[in-house]
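Colleague: Zoom in on the charged side chains for me, please. I'd like one connected walk through how they pair up and what sits around them.

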Amino acid sequence: MPELPEVETITQDLKKRLKGFIFVSIWSDWSKYFSLSGGLATVQRSIKNKKIIKIERRGKNILFYLSSGYMLAIHLKMTGHFLFNEPERKSFVHLIFNIKKGKKHLKLYFSDVRKFGRVIFGEKSKVLARPEIKKLGPDPLEITTRDFLQLIAKRKGKIKTVLLNQEFLAGVGNIYSDEALYMAKIHPLSLTEKIPDNNLKILFIKLVSVLERSIKLRGTTRQDYRDTSGKKGDYFNQRLVYARKGEKCKLCSSRIKTITAGSRTAHFCPKCQRIYR
Ligand SMILES: [Zn+2]
């Protein structure tokens with residue numbers, strides 16, 4: 001699933017290209033995308049002629065600020081991503097935005113093979129008030145180490161599960177929580193309340209550094225994720241533990257293992273990562 005660096009990469013691409021464009025029409029063969037916004041016909045009607053004022057990322061959501069106080073919020077979920085050119089695998093595209101700026105017409109393709117993407121369109125105040133957006137925690141790239149320590153002091157439980165909770169921090173998912181915990185040498189099942197502050201500090205510093213590094217490499221592609229030009233993200237080749245089950249740890253040569261944390265699979269080194277409980 002695309003996480004903060006992947007969504008940030010796409011958002012930056014969209015920002016560069018789409019400001020000032022006006023919606024002409026929408027095509028979709030998946031009506032479920034519009035179930036939170038009154039249905040496709042309603043969205044078709046009210047998005048027409050709306051201008052893109054601003055685009056920003058919130059957690060794993062892409063927010064399009066539109067004219068007349070409207071907003072379009074898109075969550076890529078498992079397999080969603082935007083493309084500026086018609087992809088070879090047309091059957092993966094279930095949503096197309098036809099937009100224009102002056103005489104320039106563009107199609108923005110939403111490729112989403114699993115069709116889990118989430119679209120919310122409506123008046124900005126209503127979209128922002130929806131629990132999917134409103135409940136999101138702060139962005140890890142916008143808080144300080146001190147903020148992180150204060151926030152985590154309120155969260156008891158397994159560190160891996162806490163990191164994945166979008167109400168705690170928005171944007172962190174399975175890949176970067178695995179990587180940061182490995183870099184900080186903390187076992188994913190450690191209890192937050194038992195981890196010394198100094199180690200939590202290191203964890204936050206590592207988390208920020210791996211997110212920033214991945215943004216530079218334009219994200220991680222294990223399978224579906226692509227940037228808006230259809231290119232894969234390069235962090236996957238440089239990952240330390242994520243999706244490396246059975247491979248050797250780069251520090252101690254032990255085999256990387258997996259363990260279930262909540263409903264997710266964590267990758268870790270059983271020797272390097274200490275459990276606090
Ligand atoms: Zn190791």
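Modeller: Let's start with E56 and R58, whose side chains meet in a salt bridge at 3.3 Å, N to O (a side-chain nitrogen of Lys or Arg within 4 Å of a carboxyl oxygen of Asp or Glu). This is a predicted model, with local features needing pLDDT of at least 70 and side-chain atom pairs pLDDT 80 or more, while totals for chains, interfaces and linings use all residues. Residues are numbered from 1 along each chain as its sequence is written, and side-chain values use heavy atoms, leaving out hydrogens and water.

E56 is partly exposed because its relative accessibility is 21% (buried is under 20%, exposed over 50%, partly exposed in between, with a 1.4 Å probe and protein chains only). R58 comes out at 31%, so it is partly exposed too. By the salt-bridge rule, the count comes to 11.

Another of them joins E132 to R130, with the closest N and O atoms 3.0 Å apart; R130 has 25% relative accessibility, so it counts as partly exposed. Then look at D178 and K160, which meet at 2.6 Å, N to O. That pair links distant parts of the chain, since D178 is in helix 7 and K160 in helix 6, 18 residues apart (helices are DSSP runs of H or I with at least four residues, strands are E runs of at least two, numbered from the N terminus). Both partners, D178 and K160, are buried. Elsewhere, shared partners tie E8, R57 and D139 into one salt-bridge network.

R17, K19, K51, K101 and K104 form a positive surface patch (residues with over 30% relative accessible area and no salt bridge, like charges joined within 9 Å and nonpolar side chains within 5 Å). K51 sits in the loop between helix 2 (40-47) and strand 2 (52-58), and its 38% relative accessibility is why it counts as partly exposed.

How values were computed:
Areas by Shrake-Rupley, 256 points an atom, 1.4 Å probe, with all protein chains shown as cover. Lys, Arg positive; Asp, Glu negative; His and termini not counted. Charge placed at Lys NZ, Arg CZ, Asp CG, Glu CD.
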